[in-house]
Amino acid sequence: MKKTTLSLALFFGLTLLMSSCYTYTFSVGKGAQTGVEVKKANHYFIYGLAPGGISDPKEMAGGATDYDVTIKHTFVDGLLNAITFGIYTPTTTIVQK
């Protein structure tokens, strides 16, 4: 019984440690040309179901017609999600002009 409990605890611990951060990238126009980067946080609540403050990539590009947009769930974002048990679920938006 003790061995089974320890095995299950180890399995769940490894599952949490091996979870990855997701990244979603898309290009507008010809993609990034100058390498200038702008970052902003997106605020979601209740596992992402209720949006708080969401960044606008078009506004972040500052009128540029060619840019790349990356939306990430970084390690820090995941840590905040874990600490708040999913009540606060941030993501990060990066626009490269």
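This report describes the fold, the core and selected residues of a predicted protein model.

## Basis of the description

Residues are numbered from 1 along each chain as its sequence is written. Because the model is predicted, local features need pLDDT of at least 70 and side-chain atom pairs count only at pLDDT 80 or more, while totals for chains, interfaces and linings use all residues; side-chain values rest on heavy atoms, with hydrogens and water left out.

## Overall form

The protein chain contains 3 helices and 6 strands, taken as DSSP runs numbered from the N terminus (helices H or I, at least four residues; strands E, at least two). Along the sequence their pattern is α-β-β-β-β-α-β-α-β.

The radius of gyration of the protein chain is 18 Å, whereas a compact globule of 97 residues would have one near 13 Å. This radius is taken over C-alpha atoms, and the globule rule is 2.2 Å times the number of residues to the power 0.38. Along the principal axes, the C-alpha atoms fill a box of roughly 65 × 25 × 15 Å. Of the 97 residues, 22% count as buried (under 20% relative accessible area; exposed is over 50% and partly exposed in between, with a 1.4 Å probe and protein chains only). Among contacts (heavy atoms within 4.5 Å) with a separation of 6 or more, 69% come from residues 24 or more positions apart.

## The sheet

An open sheet is formed by 4 strands in the order β1-β5-β6-β2, with antiparallel pairing. Its edge strands, β1 (23-28) and β2 (37-42), each pair on one side only. Neighbouring strands are turned by 15 degrees against each other on average, direction ignored; the axes are lines fitted to C-alpha atoms, for helices over the stretch in contact, and angles run from 0 to 180 degrees between N-to-C directions.

Two strands pair if DSSP finds at least two bridges between them. The antiparallel strands β1 and β5 are joined by 6 bridges, and Thr 25 has Thr 70 in β5 as its bridge partner.

Lys 72 belongs to β5 (residues 67-72) and is partly exposed, with a relative accessible area of 30%. Its C-alpha atom is separated by 5.8 Å from that of Thr 91, 19 residues apart along the chain. Not counting residues up to four places away in sequence, Lys 72 touches Tyr 22, Thr 23, Asp 77, Thr 91, Thr 92 and Ile 94.

## The nonpolar core

The largest nonpolar core has 5 residues: Met 60, Ala 61, Tyr 67, Val 69 and Val 95. Such a core is a set of buried Ala, Val, Leu, Ile, Met, Phe, Trp, Tyr and Cys residues joined through side-chain atoms within 4.5 Å. Leaving out residues up to four places away in sequence, Val 95 touches residues including Val 36, Val 38, Pro 57 and Asp 68.

## Residues in loops

Ser 55 lies in the loop between β4 (50-51) and α2 (57-60). Ser 55 counts as buried because its relative accessibility is 12%. Its side chain makes polar contacts with the side chains of Asn 42 (2.7 Å) and Thr 93 (3.1 Å). A polar contact is a pair of N or O atoms within 3.5 Å; within protein, one must be able to donate a hydrogen and the other to accept it, and residues adjacent in sequence count only if both atoms are side-chain atoms.

Most residues other than glycine have a negative phi. Ile 46, in the loop between β3 (44-45) and β4, has a positive phi near 55 degrees. Phe 85, in the loop between α3 (75-83) and β6 (91-96), also has a positive phi near 55 degrees. Phe 85 counts as exposed, at 67% relative accessibility.
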